[in-house]
Amino acid sequence: DHRFGLGGARLSSGNFAIIRMDLRDGKWAVIHESPDICNPHLQFRLRTGTRIMIQENRGAVVDDEGNMFQPCNQRGVGLYSIAADGSDRKDFPVGPPVTPSTTGHECWIGDTDRVMVTLSGFYDDGQKKGNVLEVSHDWPKPRVVFESPHVWNHGSVSKCGRYFVTD
């Protein structure tokens, strides 16, 4: 509804925060915080705006000026969502130990609760092997979108959810 914007900030506690700004009245609030969301790649779920997708750089090391010295530790980079008010965290089945780390490039698939995400390495879902995946909170494991010997990175999905591009 174009009412809210999202941003990130570092708190004095050392944690990182998700800030939701009301674009009508100018008010803002910290709605979520974690030590592992230094590079959150925030996205509202398309059309409904009911969920916010967040990248989680588990164990990242960031200095006081914001320079990232370590993008993650052995726990890797994962992905989860929260409700638009900051409650109800739900992890997507992506990132260690399920898959290799995400690349940090993901997007909602059309008007669904599914997400297209690229990985830093290959994943075999039992049918195909590749690094472009479709994930859902309701699935125990991701689905490889297409088999490829290449590692893909940036991705985008059409509003209808039927078409995608990646490089």
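**Rings and strands in a predicted model**

User: What is the relative accessible area of Phe-146?
Analyst: This is a predicted model in which local features need pLDDT of at least 70 and side-chain atom pairs count only at pLDDT 80 or more, while totals for chains, interfaces and linings use all residues. Residues are numbered from 1 along each chain as its sequence is written, and side-chain values use heavy atoms, leaving out hydrogens and water. Buried means under 20% relative accessible area, exposed over 50% and partly exposed in between (1.4 Å probe, protein chains only). Phe-146 is partly exposed, at 23%.

User: How far apart are the ring centres of Phe-92 and Trp-108?
Analyst: Rings of Phe, Tyr and Trp (its six-membered ring) pair if their centres lie within 6.5 Å; planes under 30 degrees apart are stacked, over 60 edge-to-face, the rest tilted. The count comes to 3 aromatic pairs. The planes of Phe-92 and Trp-108 stand at 70°, so the pair is edge-to-face, with a centre distance of 6.2 Å.

User: How many residues apart in sequence are the parts tied together by Phe-92 and Trp-108?
Analyst: Strands are DSSP runs (E, at least two residues), numbered from the N terminus. Phe-92 lies in the loop between strand 9 (90–91) and strand 10, and Trp-108 in strand 10, so the separation is 16 residues.

User: Which residue in strand 12 is the bridge partner of Arg-114?
Analyst: Two strands pair if DSSP finds at least two bridges between them. Strand 11 (residues 114–124) and strand 12 (residues 129–136) pair antiparallel over 7 bridges. The partner of Arg-114 is Ser-136.

Technical notes
Helix = DSSP H or I, 4+ residues; strand = E, 2+ residues; numbered from the N terminus.
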